[in-house]
Structure formats: structure tokens, C-alpha cells
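Opened the notebook for a quick look through this one. I want to jot down what I find as I go.

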Amino acid sequence: MKDRGVDATSQTANTRPDMLTIPDLIRKKRDGGQLSDDEIKAFIQAVKEKTIQDSQIGAMLMAIWLNGMVSVEIKALTREMMSSGEVMEWPDEWKNFMVDKHSTGGVGDKVSLVLAPALAACGCKVPMISGRGLAHTGGTLDKLESIPGFKVEQSREQILEILDSVGCCIVGQTETLVPADRVLYALRDITGTVDSLPLITSSIISKKGAESLSALVLDVKFGRAAVCKDLESATELAQMLVEAGNGLGIRTAAVLSGMNGSIGRCVGNSVEVIESLETLKGNGPDDLMELVTTQGGLLLVMTGLVSDLSEGRKQISEAVVGGAALSKFQAMMEAQGVNSDTAQRLCTTNTDYYSVLRKAKHQLELKAPADGIVLEIDGLVLAQVLHRLGAGRSKAGEPVNHSVGAVLLVSIGQRVTKGVSWLRLHYEDPALTPDQRNHLESALTVGTDQKIQTQQKCTLVEKILPKKYAY
């Protein structure tokens, strides 16, 4: 990537004579100093106006990665990133009901496709700005683009129209929304600073702040297939996110949920759309519904539409099981470019999904190697193999193959016999390599210990922050 600007070493961070230069700011942070609000504002302004070299931005990102940021720095960074572009405005009568969610990334995470229309059915407005998949995690926009005609790029005016008529939309980030984050995000990827908690926090919350939300729920994952590998680090990130969201005036809560396996039985773009539609038709897996009702219930509590989480969960569940959310999803598809006949066909009971969605050229079923109980299915291994087969991308802008995916045919805790099919793989040419097949087969663990406590009836949700929302 080419550097921007010329001779940035002589540039000042601001026109004020008492301000430090950009190299001074980098040195200050490198040496463990705390940046002032004005210094952070000057840095983000230079990023936005492209008066700073990429190498200098990278140096600042690494200084932040090494030394972290205190709460006031994170709040200032988040606020300045949010203010670097357009901040959305909504009609006054909507302002208490503007809600959204964000997940830190998971395997088979299709919560948004079910939750957005369910919230709309409960009276919320959901301007859900989502992202694309990168590395082993799937992207909501990629899933939706497996539906022929679905347009994720919508102008602010179009978003306003869709929210008015439907109540929810799922769209990509506009060019004018948080432009500083686009620059920082790209450079974090190539400078090894993606996992900095202050940078993660400011990136996520600045975009949500630009949506002018009244309430936000964050699904912070932990486990082998998550950014945070344990509950302790996930809790640290969740607390940071909640504090930053509240600092922008958004009522914010976080759900900490386990991410060792996959959410639901389907992983991959088209197959996840199918599972989402089946869920909206009342046939959803328990783990997916747990995440949908918990996150949706929290948002209903925070907007004042219900008095407690139990009632919130109930209303979200009724919207899904009763069909109101399915109607909203169909209306959203049509509003975002899907032909009405196509949308109706997808939302019809017992439809042939592959009459609309692309089906992979090949299917392969893997067999259980022994009798026993399914103790584990490693979601990270599954996602990594699917990624290599074309379901994901290694860098921004790469295309994905929407038809590549996998369907789990067994559940954790289920007793299986040797030779029974446990996974159906959907793939295109070239064929699955022996190494890829070995990796997939290694994802399944079958045991014989009768006393082992299986995860079959365990919940994914481990903790809710702040605690007051959990009751």
C-alpha cells in the first residue's frame, strides 16, 4: 500500500502551535503516555484528510497495541472516529426504538438474519449495518447475497424508506459512514494489530454510534473458534465495549457466549440462509433461538418495550414462531431488490430452496469412525476447511462461493454407530484434497464415557453485562 502525503515528519497534528507533531504523538504513545482528547482528534483528523503517511498510522496502531489505552482515550478515539463521517438522523418518533446488534464473529452465526425481522415485528427500527466475512468467520452480507437480487448497498435515503415501510434492513457500510475506520481497519490487518482491544472497541462502537442508536447489544464470543479464547478476555472486551457504547449515549449491553462448535447445524452462505428461513418458519435449532431471544429480549428491555428479559425473550420467540418475523424478512428482501415471486417462494412452507439458491456441484457425506457419543465437533476446523474450499476470503474484496458449505447431521451428546453419516459437505471443483478431508474428519470426537457431561442441553450464553439486564 502506498504512503499518503509527502514529508509527513514535518507535519503538525494540528494548526495550534502548542500541539505536538504526529511523530511526537507516536513517540508519546510508544513510551506509554496518555493521549489527550485534542491529540486523538488531531490524529483522526490527519487520517481522514490523508495528511499522514500509512507508515505513521501503522506506528501509532502498534504503539496502541503495545501499551493499550485507558478509558478516556478509548472514548475519545471512538467519538472522533464516529464523527469522521456522516452521523445518521432519524424521525423523532423513532428515536427511542432504533436498535442494532453486533457479534465479534462466529461459525454458523446467522443470528442477524432472524433477529432483525423479529425486532421489527416487535416494534423496533433496525438499521443493521453489517460486514463481510474474513478468515474463518462468515459475513452476514455474504449470506444475504446468496439470495438472487438482494442488494446490500443502499443509500441513506433508501435505508430511511425501508425502515419506514418494513422496520428493518441489513446493509453494508456506506462510503460516508466512519471513513477513518476504513483506513485504520485496513492497516490493522497488515500491521498485526487486529486483536488490540481498544482498536476493536473503537471500530465497532464508532460505526454503531454513527447509526444514532438508542440501544445496542453485543454478542462477544469466546472459545476455540472466537477471537477471545477464554471467558476472562471476552469479559474484558465486553466491559470495554459496553463502557464505550454508554459513553456515546447508547444504552449498551453485552452477551458473552461460547464459540467452540457452530451455531445451528449449517455453516456456509446458502445453507445458512436456508437454516435461517427454517428458523423463521418455526423450525430453528435451540442454540440459535437462545441467542436470538436473549439478544432480542435485551433490546426490548433497553427500549422500554418490555419490563424484563423473560418477557422480552417471550415476545421475540412469539414473533419468530408465529410467523410475524418471516413476513418482515420477506418484506425486507423485496425492499432490498429481491423479486417478489422469489421472496415469496423462499418464505413458503416446504419450499424447494435450491429452486432459488445455488446448490453446489458436489455433496459428500463423512461417516462416524466408531460407535459412541458425539463429544465434540470443532467449529474452527470446519470453518477453516470451508474457507479453503471457497466459502470465505483471505483478504477484503475477494469473491466467495455461496454454494460451499456443510450441514451437521448429528448433535453433541447424540449416540452414533460406526459408519453413520455425521456431516454433509457441499463443495465445487476442484475436489476435496486428502488433507482437507483428514482435517474435516478430525473435527469429530466420538467417545464412550457414559459419565461425561455433554453439551447437548447446555446454553451458549454464559454471562450478560451489565448484570441488571439479566433479570
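**Surface charge.** I'm working from a predicted model. I went looking for charge on the surface and found a negative patch made by E93, E157, E161 and D164. I then picked out E161, which sits in helix α7, residues 156-165. Is E161 buried or exposed? I got 57% relative accessibility, and the cut-off for exposed is over 50%, so E161 counts as exposed.

**Strands β2 and β3.** Next I checked which way the side chains of β3 (residues 168-171) point. C168 and I170 go one way, C169 and V171 go the other, and all are buried. I also looked up the partner: β2, residues 126-129, runs parallel to β3, and four bridges join them. Across that pairing, I noted I129 opposite V171.

**Strands β1 and β4.** How many residues of β1 are buried? I count four of the five in this strand, residues 99-103, so I wrote it down as mostly covered. β1 runs parallel to β4 (residues 215-222), with five bridges between them. The facing pair I noted here is K101 and V217, the latter in β4.

**V461.** Last stop was strand β13, residues 461-465, where I found V461. Its relative accessible area is 15%, and buried means under 20%, so V461 goes down as buried.

How values were computed: Residues numbered from 1 in each chain as written. Predicted model: local features only at pLDDT ≥ 70, side-chain atom pairs only at ≥ 80, totals over all residues. Heavy atoms only, no water. Patch = residues over 30% accessible without salt bridge, like charges linked within 9 Å, V, L, I, M, F, W, Y side chains within 5 Å. Areas by Shrake-Rupley, 256 points an atom, 1.4 Å probe, with all protein chains shown as cover. Salt bridge = Lys/Arg side-chain N within 4 Å of Asp/Glu carboxyl O. Lys, Arg positive; Asp, Glu negative; His and termini not counted. Charge placed at Lys NZ, Arg CZ, Asp CG, Glu CD. Helix = DSSP H or I, 4+ residues; strand = E, 2+ residues; numbered from the N terminus. Buried < 20%, exposed > 50% of the residue type's maximum accessible area, 1.4 Å probe, protein only. Pairing = 2+ DSSP bridges.
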